[in-house]
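Subject: Structure handover

Hello,

The structure is below, and my notes on it follow. Please read them with the model open.

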Amino acid sequence: MSSTPTMQPEPHSTRPNSERNGIVVLDFGGQYTQLIARRIREQQVFSAVLPCNSSLEKIMQFEPAGIVLSGGPSSVYDPEAPKCDPQILAAGVPVLGICYGMQWITHTLGGKVENAGRQEYGRAILNRVSDEFQAESELFHQVPKNLNIWNSHGDHVHSLPEGFCTTAKTANAIASLEHAGRKIYAVQFHPEVNHTESGTQILRNFLFRVCKAEPKWSGAAFIEETTAAIKEKVGNKWAICALSGGVDSTVAAVLVHRAMGDKLTNIFVNTGMLRKNEFADTLEMLRDRLNLKVIGVDASDRFLEKLKGVSDPEQKRKIIGREFIEVFAEEAKKLQQGDAHGEIGFLVQGTLYPDVIESVSVKGPSATIKTHHNVGGLPEKMPFALIEPLRDLFKDEVRRIGKDLGLPPEILLKHPFPGPGLAVRLLGEITREHLVTLQEADAVVTDEIRKAGLYEQVWQAFAVLLPVRSVGVMGDGRTYGLTVAVRVVQSDDAMTADWVRLPGDVLERISTRIVNETRGVTRVVYDISSKPPSTIEWE
C-alpha cells in the first residue's frame with residue numbers, strides 16, 4: 001500500500017491533562033523550531049509543533065495556554081513568505097514571536113519590516129528600554145538590563161504596529177516589542193539557544209507569568225500518552241521494528257512493545273556496515289537483557305552488492321533505505337505465513353527530530369541538509385505505515401525516556417551510530433577490504449576513548465576512512481597507504497556540536513595503534529571542525 005503519514009497522537013477536543021494548557025509552536029521553517037519546543041518541555045510544560053499554516057481550529061484543539069511563532073529564513077514582505085492565520089492574534093491566547101515571528105507580527109498588524117542596512121548574525125548586546133510611562137515588561141522579569149544575545153536576521157523592524165512599544169534594542173535594531181494589553185510579545189533574537197544569556201528566564205516568564213501555564217508534562221506522561229495513541233492507531237494489526245541496537249531504535253522498540261506486546265517483532269539487519277562484532281553482541285543484548293522478540297538477518301552480501309561502484313553519499317543513503325524496506329517486507333511475509341500471526345501493517349523506526357529537520361521539510365519550509373536513510377531515503381511507496389514515536393524528540397530527551405522505561409545505562413549511554421552505518425564513514429566506493437579496515441580503526445578509537453575515561457563525557461567518537469593515499473615510511477621502506485580521520489565531538493542534541501580537545505597522549509595512542517594494527521593505514525588525522533559549518537558525520 002502507499003505510505004501514510006507518520007503516526008502521532010492527533011489533536012482532539014478532550015486532550016490528556018499533560019497536553020491541555022500547553023504551548024503550540026508554529027513552524028515558519030526555522031532550524032531552531034524544535035529547540036524552542038524542547039526548551040518549553042524542559043520546564044515541564046507540554047509543547048506541540050504545528051505547521052505555520054495550521055487552521056485556528058486545529059491550534060485551539062490543544063487548548064493552548066500560549067502560542068509561539070518560530071523563526072524562519074524568509075522575508076515577510078516577499079510574496080511567497082510563509083504566513084499563519086492572523087486570527088491567532090485576536091484569539092485571546094498569549095503570543096510570543098521569535099525572529100521571523102516578530103517580523104510577521106509587525107508586518108501583519110501594520111508595522112514596517114525592511115531589509116537591514118547592517119545585518120545581525122551571531123552575538124549582540126541587548127539594552128533594555130524603559131521610561132516612566134511604561135510598566136516593567138513581564139517578559140523581562142528578573143532579567144538584567146543588558147545582556148548578550150544571539151541574533152540571526154537580515155531584516156529588522158523599522159516601525160511598530162499601533163499600540164506596541166519597544167522594550168529592548170541592540171546597536172542596530174529593535175530587539176523586542178510588545179502589546180501587554182493584548183498579551184502579544186516578540187523578540188528579534190533567539191532566547192532558546194544557549195548563547196543567549198537569560199534566555200531560559202525569558203521563556204519561563206512567557207510560560208508562567210504571561211501564559212500562566214502549569215508544569216505538568218513529564219517523561220512518564222509522554223510514555224503513557226504515546227502508548228495509548230499507538231494502541232488506538234494499530235488496532236488489531238501487528239508491527240515490525242527496524243532495530244539497530246542503538247539508543248533511538250531500542251527506546252522506540254521498548255515503548256511500542258508496551259503498547260503491542262507480542263504483536264511487535266523486532267528485526268535487526270546486518271548490512272555489513274556495522275561496527276566490529278556489533279551484530280552478534282547486539283543480538284545477545286536485545287534478547288537476553290531486554291527480553292525482546294528479535295530476528296537477526298544477515299543481509300550483508302546483498303547490501304554490498306547494491307552499493308558496488310557507488311560513491312555519492314546521497315545515493316548510498318537512498319539505496320540503503322530502499323534495501324532496508326525490501327528486507328523488512330521479506331521478513332514480514334515470512335512471519336505472516338505462520339497461522340498464529342496477524343497482518344503486519346506498521347514499521348516502527350527510532351527516527352529523531354535532528355534526522356527529520358536535516359532530511360526533509362516536514363512542518364515548515366526549512367532547508368534540507370542531508371537525507372537520512374530512515375527519512376528522506378525511504379521509497380515513496382512502502383508496504384507499511386510508519387510508527388515513529390520519538391520523531392519530535394532530541395537524543396537527550398530520548399535517553400531520559402529510556403531511563404523511565406528502565407533501560408540499562410550501557411544502552412542509554414551508547415554513542416549515536418548512523419542508520420547507514422559505516423557506509424557514510426567510508427568515503428567513496430565501499431569494498432569489503434575497506435570496511436574491515438574501517439571497522440578495525442573504529443574499534444581502536446572506541447577502545448582508547450573508553451580507557452581514557454572519556455566515553456561517557458563525549459557525544460560521539462569514531463573513525464572515517466578517506467579516499468586519500470599518502471606517502472610514508474615503514475620498516476625502512478616507502479609506503480603509499482590509506483588515511484584515517486578521527487572525529488570526537490561534544491553536543492547536547494546533535495543540532496550543533498563542537499570538536500573535543502582530546503589530551504595529546506590519547507591522540508598519540510589512537511594514532512599509533514591505528515597505524516600498527518590496521519592493515520594499509522599509514523596516516524591518521526584529527527578533525528577539528530564544529531557543526532556548523534560541518535556536520536557531525538562526513539557524509
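The expected span of a helix is taken as 1.5 Å times one less than its number of residues. Helices (H or I, at least four residues) and strands (E, at least two) are DSSP runs, numbered from the N terminus. By that rule the 16 residues of helix α5 (residues 219-234) should span 22 Å, and the end C-alpha atoms are 22 Å apart, which agrees.

Two points on how to read the rest. This is a predicted model, in which local features need pLDDT of at least 70 and side-chain atom pairs count only at pLDDT 80 or more, while totals for chains, interfaces and linings use all residues. Residues are numbered from 1 along each chain as its sequence is written, and side-chain values use heavy atoms, with hydrogens and water left out.

Overall

The protein chain has 14 helices and 18 strands. Of its 539 residues, 57% count as buried (buried is under 20% relative accessible area, exposed is over 50%, partly exposed is in between, with a 1.4 Å probe and protein chains only). The chain exposes about 23000 Å², and carbon and sulfur atoms supply 48% of that area (Shrake-Rupley method, 1.4 Å probe; for residues, only the protein chains shown count as cover). Taking contacts (heavy atoms within 4.5 Å) between residues at least 6 apart in sequence, 74% join residues at least 24 apart.

Helix α5

The buried residues of α5 include Phe222, Ile223, Ile230 and Val234, and also Glu225. Among the elements that cover the buried residues of α5 are α6 (247-260), β13 (344-348), β14 (385-387) and α11 (395-404). Glycine 235 follows α5 and has a positive phi, near 60 degrees.

Not counting residues up to four places away in sequence, aspartate 396 touches Arg38 and Asp492. The C-alpha atoms of aspartate 396 and aspartate 493 are separated by 6.3 Å, although the two are 97 residues apart along the chain.

Cysteines

How many disulfides does a search of the whole structure find? The count is zero (a disulfide is a pair of cysteine sulfur atoms within 2.5 Å). For cysteine 52, the closest cysteine sulfur is in cysteine 84, and at 6.7 Å it is too far for a bond. Cysteine 52 is buried, with a relative accessible area of 7%. Cysteine 241 is buried as well, at 0%.

Aromatic rings

There are eight aromatic pairs. Rings of Phe, Tyr and Trp (its six-membered ring) pair if their centres lie within 6.5 Å; planes under 30 degrees apart count as stacked, over 60 as edge-to-face and the rest as tilted. Phenylalanine 28 and tyrosine 100 form a tilted pair, because their ring centres are 5.1 Å apart and their planes are at 45 degrees. This pair links distant parts of the chain, with phenylalanine 28 in the loop between β1 (23-27) and α1 (33-42) and tyrosine 100 in helix α3 (residues 100-108), 72 residues apart. Phenylalanine 28 is buried at 0% relative accessible area, and tyrosine 100 is buried at 1%. The rings of phenylalanine 324 and phenylalanine 328 have centres 5.7 Å apart and planes at 20 degrees, so that pair is stacked. These two are four residues apart in helix α9 (residues 313-336), about one helical turn, and both are buried. Phe28 and Tyr100 also belong to one aromatic cluster with Trp104.

Arginine 450 is over the face of tyrosine 455, 3.8 Å from the ring centre. The charged end of arginine 41 is over the ring of tryptophan 217, 5.9 Å from its centre.

Backbone

Most residues other than glycine have a negative phi, and most peptide bonds are trans.

- Lysine 531 to proline 532: cis, omega near -10 degrees.
- Proline 532 to proline 533: cis, omega near 10 degrees.
- Glutamate 63: positive phi, near 50 degrees; located in the loop between α2 (56-60) and β3 (66-69) and partly exposed at 30%.
- Serine 198: positive phi of about 60 degrees; located in the loop between β9 (184-187) and α4 (199-210) and partly exposed at 25%.

Regards

Definitions and conventions: Lys NZ or Arg CZ within 6 Å of the ring centre and 35° of its normal.
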